[in-house]
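Open your viewer and get ready to click around.

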Amino acid sequence: MSCHSTTRQEDTDGLTVHDNTYVVNDNSPIGSKIKTDTVRQHNFLTEILTVGTVRAITGKLAEIAPPFDGRVVDSSVHLGQKIESGRSVFRLHSQSFHDAAKSYLQARQNHALAVRNHNRKTELYDRGIASQRDVEEATTEMLNAETELQQADAAMQLFNVNTQTLAIGQALDVCSPIAGEVVKCDITIGQYVRADQAPLVTVADLSTVWVTALVKERYIGSIKQGKQVKIHTDAQPDSTFLGKIHYIGEIMNEENRSIEVLIECDNKQRQLKPGMFASVHFESDTNNAIVIPANSLIQNGDDTSVFVQKGKNMYERRQVGIESGEDGAIHVITGLQPGEIIVTEGGIFLN
């Protein structure tokens, strides 16, 4: 018995099928329904459609949590308020901050004493009263005190504290590190908060946002940094938002074979909200390519094919690789050559 077999089928409409070859009999009604055209190359603008998510630009969103356990004693911010960088968003009375402030003030006092002692020992040495060893010991003490003061000052700078006006018992002003708008505010005066709890205030500058889109591996070469992109959302279905490709990722996601692309969009009208899903429409450069009408395609499961004319009333079913373009045009990547004749209408009757 042969290991290779072929199929042959003839239906009542006068169509004979032999492997991937379809022959239409002269008296078949199918023949009048089939139209063909010659494959040609045309200018083609590739369209890549994918989904994306709106997000705040890195560095333009700050979630502000309490740095210490303590009690909120004051706040003057509210939802929707625009604030500047360094503006206090709430004040916190904390034993931990009290101890840090006390350590700083003690380090500053110790440093001042060490400097005075060093200057005095140096003056006595110049007058022949103190020894060089006394000066060296005073110098070492001064340098150690300076190091401790620098460490204590660094701790204060983390909390944006003005050390010139620092006093024992004062509350800590927790400040915004960026300018923007208060988009979240969960502050209650008098509430006790912990350093490990969720942020109390979120400040964001949403005048521009990023749309993060995933682009399949096969399309990466078609997109370029700086190119314009069209964005659509369900919230504004009749509106088109324009953005520019800000960054094309360098690391491939092995699971979905996609690259992350960041698109920067103007958002002065605040219509793009972080977390919102979007439809992302990329356009590549115009290329000379084989373009066929969408009606030519036959879809069976995951396979896309066309019927290629091989002779009178004889057609070959051939699988093709495609991508879509503007105005519904189809770019054939693999499977066809210029000059071949394909079925443009009526392929469904062959199928």
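**Stop 1: a strand pair to start with**

Select Q228 and look across: it stands opposite K244 in β16. Before you click on, a word about what you're looking at: this is a predicted model, in which local features need pLDDT of at least 70, side-chain atom pairs count only at pLDDT 80 or more, and totals for chains, interfaces and linings use all residues. Residues are numbered from 1 along each chain as its sequence is written, and side-chain values use heavy atoms, with hydrogens and water left out.

Strands here are DSSP runs of E with at least two residues, helices are runs of H or I with at least four residues, and both are numbered from the N terminus. Two strands pair if DSSP finds at least two bridges between them.

Now colour β15 (residues 228-232) and β16: the two run antiparallel and are joined by four bridges.

**Stop 2: on to β17**

Then pick I245, which stands opposite I263 in β17.

What else is joined to β17 (residues 258-266)? Show strand β14 (residues 208-216): nine bridges link β14 to β17, and the two run antiparallel. For one example, click A213 and find its bridge partner V261 in β17.

As you look along these strands, keep a general point in mind: side chains in a regular strand alternate between the two faces of the sheet.

**Stop 3**

Where does R257 sit? Look in the loop between β16 and β17. R257 has a positive phi, near 50°, in a residue other than glycine. R257 counts as partly exposed, at 37% relative accessibility. Here buried means under 20% relative accessible area, exposed over 50%, and partly exposed in between (1.4 Å probe, protein chains only).

Jump to D19 next, in the loop between β2 (15-18) and β3 (21-24). D19 isn't a glycine either, yet its phi is positive, about 55°. Its relative accessible area is 40%, which makes D19 partly exposed.

**Stop 4: the sheet with β9**

Select β10, β9, β7 and β12 in that order: these four strands form an open sheet with antiparallel pairing. β10 (172-175) and β12 (192-193) stand at the edges with a single partner strand each, so one side of each has no neighbour in the sheet.

Inside this sheet, zoom in on β7 (residues 70-74) and β9 (residues 88-93), an antiparallel pair with three bridges. D74 has R91 as its bridge partner in β9.

While you're there, click H93, which is placed in strand β9. Is H93 buried or partly exposed? At 44% relative accessibility, H93 counts as partly exposed. Which residues does H93 touch? Leaving out residues up to four places away in sequence, the contacts are G70, R71, V73, G169 and A171; contact means heavy atoms within 4.5 Å.

Then draw a line from H93 to Q299: they are 206 residues apart in sequence and 69 Å apart in space, C-alpha to C-alpha.

**Stop 5: another four-strand sheet**

Show β6, β13, β11 and β8, in that order, for an open sheet with antiparallel pairing. The edges belong to β6 (61-64) and β8 (82-83), each with a single partner strand, so one side of each is left without a neighbour in the sheet.

Four bridges join β6 to β13 (residues 201-204), and the two run antiparallel. Pick I64 to see V201 of β13 opposite.

**Last stop: zoom out**

Now show the whole chain. How many helices and strands does the protein chain have? Three helices and 24 strands. Along the principal axes, the C-alpha atoms fill a box of roughly 125 × 50 × 45 Å. The radius of gyration of the protein chain is 37 Å, whereas a compact globule of 351 residues would have one near 20 Å; the value is taken over C-alpha atoms, and the globule rule is 2.2 Å times the number of residues to the power 0.38.

Colour by accessibility to finish: buried residues make up 38% of the 351 residues. Of the contacts in the protein chain with a separation of 6 or more, 69% are between residues 24 or more positions apart.
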